[in-house]
Amino acid sequence: MTTLLPKTALKNATLTRSRGRMPYVPKAIVDKRPKERYYSLLVPSEKDISPFISVLHGTRNDVLRINFVCMAVYECYLYAFGLPSNFPKEQIIVLGEDRVKYIPCRSCYYGGKHLYEYELTVPASTEREEYQQRIINDFNEHFQLDVNVEKLSIVKEGRPIGEDGKSVELIWDEQITMIIRKKPTLKLEK
């Protein structure tokens with residue numbers, strides 16, 4: 001299946017004229033770019049600016065450049081799984097690790113410690129699903145995570161039944177949930 005890719009896709013996009021300038025790419029990314037044509041790079045964010053994602057098609061070298069700027073780990077996964085940026089944080093479960101590492105409070109003093117810059121370059125002919133899977137694999141490997149999106153059955157509400165009101169009928173619903181699990185570490189015995 002081929003997905004048509006827009007020339008530029010931005011989270012919280014605002015229309016601005018570049019006047020011939022390149023889009024903003026953090027200095028930490030530019031300084032550490034490898035010589036290879038296709039690569040992925042993940043570094044801690046140095047500035048606390050408004051987060052955004054850009055997908056640019058470089059016609060000069062026929063490369064797709066995907067940049068995540070000042071993003072929390074969960075926001076990167078939302079993009080990679082094709083979920084909306086306003087996906088409720090309450091529908092994200094973190095198992096085996098401190099929730100703040102992956103879903104930081106941006107207004108708290110420690111929030112900036114858990115923000116990242118990420119850049120991925122792939123051939124321009126790469127389908128969206130392929131590079132989204134590559135993003136998932138990169139983040140899973142770097143953070144030693146296993147992240148899945150599942151439909152879970154949840155209790156939507158309950159209502160009393162019977163004359164005595166002691167019995168409750170549960171009303172179930174399905175909810176899309178992102179589950180972030182820390183991969184178990186293997187301990188070698190001596």
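Let's start with strand β7, residues 167-182. The patch is formed by Val-155, Val-168, Leu-170 and Trp-172. Together they have about 400 Å² of accessible area. Keep in mind that this is a predicted model.

Trp-172 sits in strand β7. Is Trp-172 buried or exposed? Its relative accessibility is 52%, and the cut-off for exposed is over 50%, so Trp-172 counts as exposed.

Now the overall layout. The chain has three helices and seven strands. Reading from the N terminus, the order is α-β-β-β-α-β-β-α-β-β. The chain holds 190 residues, and 34% of them count as buried.

What about contacts along the sequence? Residues 24 or more positions apart account for 69% of them.

Next, Ser-45. Where is Ser-45? Ser-45 lies in the loop between β1 (39-44) and β2 (52-58). Buried means under 20% relative accessible area; Ser-45 has 14%, so Ser-45 counts as buried.

Which residues does Ser-45 contact, leaving aside its neighbours within four places in sequence? Cys-70, Leu-115, Tyr-116 and Glu-117. With Glu-117 there is also a polar contact: the two side chains are joined at 2.5 Å.

To recap, two residues to look at on the screen. Trp-172 is exposed, at 52%. Ser-45 is buried, at 14%.

How values were computed:
Residues are numbered from 1 along each chain as its sequence is written. This is a predicted model: local features need pLDDT of at least 70, side-chain atom pairs count only at pLDDT 80 or more; totals for chains, interfaces and linings use all residues. Side-chain values use heavy atoms; hydrogens and water are left out. Patches are made of residues with over 30% relative accessible area and no salt bridge: like charges are joined within 9 Å, nonpolar side chains (Val, Leu, Ile, Met, Phe, Trp, Tyr) within 5 Å. Accessible areas come from the Shrake-Rupley method with a 1.4 Å probe; for residues, only the protein chains shown count as cover. A salt bridge is a side-chain nitrogen of Lys or Arg within 4 Å of a carboxyl oxygen of Asp or Glu. Helices (H or I, at least four residues) and strands (E, at least two) are DSSP runs, numbered from the N terminus. Buried means under 20% relative accessible area, exposed over 50%, partly exposed in between (1.4 Å probe, protein chains only). A polar contact is a pair of N or O atoms within 3.5 Å; within protein, one must be able to donate a hydrogen and the other to accept it, and residues adjacent in sequence count only if both atoms are side-chain atoms. Contact means heavy atoms within 4.5 Å.
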